[in-house]
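Dear colleague,

Please find below the structure that I am handing over to you. A summary of the findings follows it, for reading alongside the sequence and the coordinates.

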Amino acid sequence: MTSTTAAAAGPGDFGTLKAVCGPGNASGATDKGVTDTNIRVATMADPGNTVVPGLNIEIFQTSQAFVDWCNAAGGILGRKLVLDKRDSALSNVAAQMVASCEQPDFMLVGNAEAFDANGVQPRLSCGLPEIAAATLSAAAGLAPLSLEPTPNPAAESSLGGALRGLRAFDPASTAHFGLLSGTAVKDAGNRVRQAAAQLGYTQVVYYPDLPPTGVPNWRPYAQVLQAKGVQVLSLAATNADIDAELFKAFADIGYFPKWVVLDVNNYDPAMITEGGPNLDQFKGGVLVISSFVPFELGESDPAKYPATAQFVNMVRQYQNAAPKALGVYSWSAWLLFAEAVKSCGSNVTRQCVLNYAQSLTNWTAGGLTAPSKPSNATGDLPQCGVLLKATSKGWVLATDVYKPNQGIFNCDPANVFKLTGSPRSS
């Protein structure tokens, strides 16, 4: 996950991965979307929607940055990548999957759609595989021909380790747990609810159906949380701006929960810029779990965190864009795809790429992420994580709550546990 040495990198090297992209003599029209000279690949996200314009635009930015970087280095064994950026715009997932099938694209890579369950049937109908940045629904995550470099399991919660650490640090607060969950991430919200219950949290507030069109007035929600005395709040949503709006409602009524525990998509510049001074009003703090080194450390100490520094620089160089959390997982997916294609040599087929990607057991994207085994939603989360705290001045490591034991990471098999039973409420 970290490195203190940095050898001279070639143009197609990334982190500890050597010659991910570069010249070669691979040839042959070996599968759909593959020719002697090109591999046609698609990615998909929702930036063109009118409800939350620009949602997950980092998928397009990161994918384009990777393709431009890879092609500049010579392609993959000489074959250049041709990228189709397919905008599912929240409601057009199925239609865009059909378009990808009709092209045809060789594979979907680095994608993430808010309503990804709608794309499963059309994707499978044409045998289109995906190496996704993230799957949100259990239906998409468990579907055939799908995997993620860092799995989002259907039977584990990505917040499990963070909630476990917080329980050990502040057990009294676990008696008043609240959860707000959006419809687009309802499955993830259910997993958070189960994990909290399994760890002994007592749920006192649960709203499972926040509308995807946004909440026009957060004050009633804030008042219910206040009336129930919520001390630990989790919010499962697709956009960090949502958190900031709720925090403003807390300020308006003069109440803040002690802790807020959030998933990695909330590691976003908008959390700091929009949250502002309200972030400092939580007695415990606003905590975000992550399985990669924060960008700030990559920039301040590139020799120690070379892969993180390289990712930040790549996104800025090729897209003039700020790095985002979802972009990390998209970049990881592209690296995994490229390594798999390279392993297949000239005989690049969809099945060969999937077979290689699924055979890896210690994938770190060249040191960019915590180790994981690429899989679909039947796989496991990484055992290593880092907890970040959002403040008005920026992000800091919450090492008091989540004590590091490997560099900045807390690594423990107990951070990953299967969900069983049903949540309890008081």
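**Findings**

Gln383 lies in the loop that links helix H13 (350–359) to strand S11 (384–391). Please note that this is a predicted model. With a relative accessibility of 40%, Gln383 counts as partly exposed, because that class covers values between the 20% limit for buried and the 50% limit for exposed. Setting aside its neighbours within four places in sequence, Gln383 is in contact with Asn410, Cys411, Asp412, Pro413, Asn415 and Val416. As for Val401, 18 residues separate it from Gln383 in sequence, and the two C-alpha atoms are 16 Å apart in space.

Is Asn49 buried or exposed? Asn49 is buried, since its relative accessible area is 4% and the class requires a value under 20%. If residues up to four places away in sequence are not counted, Asn49 touches Leu55, Ala89 and Leu90. Between Asn49 and Ser88 there is a separation of 39 residues in sequence, while their C-alpha atoms are 7.9 Å apart.

Strand S1 itself is largely enclosed by the rest of the structure, because 6 of its 8 residues are buried. Its partner is strand S2 (residues 80–87): the two run parallel and are joined by 8 bridges. Within this pairing, Val41 stands opposite Leu83 in S2.

Strand S8 (residues 232–236) is mostly covered, with 5 of its 5 residues buried. Side chains in a regular strand alternate between the two faces of the sheet. In S8 both faces are covered: Val232, Ser234 and Ala236 are buried on one side, and Leu233 and Leu235 are buried on the other.

Which strands pair with S8? One is strand S6 (residues 177–182), which runs parallel to S8 and is joined to it by 5 bridges. In that pairing, Leu179 is the residue opposite Ser234 of S8. Another is strand S9 (residues 259–262), which pairs with S8 in the parallel sense over 3 bridges. Here Leu233 has Val260 in S9 as its bridge partner. Ser234 and Leu233, which take part in these two pairings, belong to opposite faces of S8, and both are buried.

Turning to the protein as a whole, there are 13 helices and 13 strands. Of its 426 residues, 58% count as buried. How does the radius of gyration compare with that of a compact globule, and what is its value? A compact globule of 426 residues would have a radius of gyration near 22 Å, and the protein agrees with this because its own value is 21 Å. Along the principal axes, the C-alpha atoms fill a box of roughly 65 × 45 × 40 Å.

The accessible surface amounts to about 15,600 Å², and carbon and sulfur atoms account for 51% of it. Finally, the protein carries 29 positive and 33 negative side chains, and the centres of these two sets are 5 Å apart.

With kind regards

Technical notes: Residues are numbered from 1 along each chain as its sequence is written. This is a predicted model: local features need pLDDT of at least 70, side-chain atom pairs count only at pLDDT 80 or more; totals for chains, interfaces and linings use all residues. Side-chain values use heavy atoms; hydrogens and water are left out. Buried means under 20% relative accessible area, exposed over 50%, partly exposed in between (1.4 Å probe, protein chains only). Helices (H or I, at least four residues) and strands (E, at least two) are DSSP runs, numbered from the N terminus. Two strands pair if DSSP finds at least two bridges between them. The radius of gyration is taken over C-alpha atoms; the globule rule is 2.2 Å times the number of residues to the power 0.38. Accessible areas come from the Shrake-Rupley method with a 1.4 Å probe; for residues, only the protein chains shown count as cover. Lys and Arg count as positive and Asp and Glu as negative; His and the chain ends are not counted. The place of a charge is taken as NZ of Lys, CZ of Arg, CG of Asp or CD of Glu. Contact means heavy atoms within 4.5 Å.
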